[in-house]
Amino acid sequence: MSEIVHKKPAAAESQFAYKNLKQGEFWRHVPAYREVDEATFLDHLWQQKHSIKTPEELVGTIRDLAPPEFVADIEAGFAHAPMAVRVSPYALSLIDWNDPHNDPIRRQFIPMASSLLPDHPRLTLDSLHEQDDSPVPGLVHRYTDKALFLPLNVCPVYCRFCTRSYAIGPDTEEVDKVSLAKTPAQWQQAFQYISERPELEDIVISGGDTYQLPPKNIELIGNALLDIPHVRRMRFATKGPAIMPMKIITHTEWLDAIAAIVERGRKLGKDVVLHTHFNAPEEITWITQKAMGMLFERGIFTRNQSVLIRGVNDTPERMAMLVKRLGHVNVHPYYVYMHDMVKGVEELRTTIQTATETEKFVRGSTAGFNTPTFVCDAPGGGGKRDVHSYEYYDRENGIAVYAAPSVKPGKAFLYFDPIDKLSPDAQARWIVPELQEQMIAEALRKAGAASEQLVLA
Ligand SMILES: *Cc1c(COP(=O)(O)O)cnc(C)c1O
Ligand code: SF4
């Protein structure tokens, strides 16, 4: 018998770290959850009811875990945030309270005044110009064959970096929200518009968050869209599994409603899937694995869209870990977005260069179909662009120019790196308004010279 030669050295133990999901009753280290048993913690209604919305509720929950200086810091942070705050007990219990400042989950959901940076001078509230592409309330028709339906404006948590901070969540001291269509009667306009546009084959149902839609409305929306002959593909988008996986486990009617639409779709030859939004590897625990296993068993295909966030997943190692861990729980990594240019969260954005370097490392670390595409949703309404596909990138001044020939032909779209990530010289240039104009004009000129002539959108 010949001996097998292993030409490739055995994988190091560290290669398997993605399989080490948090186990046990990890929430019990939080003072308010010390007596909470597993059945209670897995109850989605308990999770919803105990989600914290104010600094007082937060302090009342974590009590002596909160370093004293932290309390004043978050009070000031809440007061200036463009988004309302809402954090589930699940997410709260995953935060490392010995170091809340650097914790990847704290960074996403709980604002701290001390870490805020000034907004980039070119930043606007609806940076994606979704309202310009909205024919009826709650519908965004930007690309030819697909549209985004926003049937509600509430979420099970509020992400500080939300693209739709112009509309999502209750008004805050900083922002009066635009209203979306929020009732079945108001949705009829969107259904009618979709039915009158035969090119619309693909509908994203987002929001807000489909986790907050009651089962009867999941079925109402799902069936209304399945009834439109030219609609071939649908996705229900939800942050839920990342921050409250227990809903899938214990809200049986909700899971049944999604499964019913997926099954009816399958019989009609239509593809209905779930899109979720995990950002940090720590969000995936044994509870997530159980929930995603239930989706898998019911034949509900799940893809993930992440946002590249500073201090959360912006290193090659952390992103590779997230990608491998998603695959491990049967979720397909689909996109990693550049953080949109939204208000009040500059310390969470990072550079196009960081994105391209991270992508280079992640590609090749697992199956190609589990390798996300890194995209920049071009400010100004150009839609998603492969981050590498810029016409021109001025790394020194942090200006990337994109074109979107099939979405807005002839137009140029600009993405700006956060200024604190630039060299001291470049930071000084951004202080001077005339120099800002010059840098932008120069980048556009170089981009125009590299392709056909482009005009700023
Ligand atoms: C992201 C998005 C879609 C879906 O785009 P895919 O690239 O197919 O995921 C559709 N409409 C709008 C407005 C979007 O922002
Ligand atoms: S879950 Fe999505 S829509 Fe809701 S706040 Fe977060 S990013 Fe915004």
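At 13% relative accessibility, Arg310 counts as buried in this predicted model. Arg310 forms a salt bridge with Asp420, the closest N and O atoms being 2.8 Å apart. That pair links distant parts of the chain, 110 residues apart. The structure holds 19 salt bridges, and the domain assignment divides the chain into domain 1 (23-115), domain 2 (130-389) and domain 3 (399-457).

**Domains**

- The C-alpha centres of domain 1 and domain 3 are 39 Å apart.

- Asp420 is located in the loop between strand E12 (411-416) and helix H15 (424-430).
- Arg310 is located in the loop between E6 and helix H13 (316-328).
- Asp420 is partly exposed, at a relative accessible area of 33%, whereas Arg310 is buried at 13%.

**The Glu347–Arg160 salt bridge**

- Glu347 and Arg160 meet through their side chains in a salt bridge of 2.8 Å, N to O.
- Glu347 belongs to the loop between strand E7 (332-338) and helix H14 (352-362), and Arg160 to the loop between strand E2 (146-149) and helix H7 (184-195), so the pair ties together parts that are 187 residues apart in sequence.
- Glu347 has a relative accessible area of 4% and is therefore buried, the cut-off being under 20%.
- Arg160, at 7% relative accessibility, likewise counts as buried.

**The Asp227–Arg264 salt bridge**

- A salt bridge of 2.7 Å, N to O, joins the side chains of Asp227 and Arg264.
- Asp227 lies in the loop between helix H8 (215-226) and E4, while Arg264 lies in helix H11 (residues 252-267); the pair links distant parts of the chain, 37 residues apart.
- Asp227 has a relative accessibility of 49% and counts as partly exposed.
- Arg264 also counts as partly exposed, at 30% relative accessibility.

**A network of salt bridges**

- Salt bridges link Asp145, Glu201, Asp202, Arg233 and Arg235 in a network.

- Strands of a sheet pair through backbone hydrogen bonds, either parallel or antiparallel.
- Strand E4 (residues 233-238) pairs with E5 in the parallel sense, over six bridges.
- Within this pairing, Thr276 in E5 is the bridge partner of Thr238.
- E5 also pairs with strand E6 (residues 302-308) in the parallel sense, over three bridges.
- In E6, Arg303 stands opposite His275.
- Strand E5 (residues 271-276) is mostly covered, five of its six residues being buried.

**The sheet E10-E11-E12-E13**

- Four strands form an open sheet in the order E10-E11-E12-E13, with mixed pairing.
- Its edge strands are E10 (392-394) and E13 (455-456), each of which pairs on one side only.
- E10 and strand E11 (residues 399-403) run antiparallel and are joined by three bridges.
- Ile399 in E11 stands opposite Asp394.

How values were computed. Residues numbered from 1 in each chain as written. Chains lettered and ligands numbered in written order. Predicted model: local features only at pLDDT ≥ 70, side-chain atom pairs only at ≥ 80, totals over all residues. Heavy atoms only, no water. Buried < 20%, exposed > 50% of the residue type's maximum accessible area, 1.4 Å probe, protein only. Helix = DSSP H or I, 4+ residues; strand = E, 2+ residues; numbered from the N terminus. Pairing = 2+ DSSP bridges. Domains from an automatic or database assignment. Salt bridge = Lys/Arg side-chain N within 4 Å of Asp/Glu carboxyl O.
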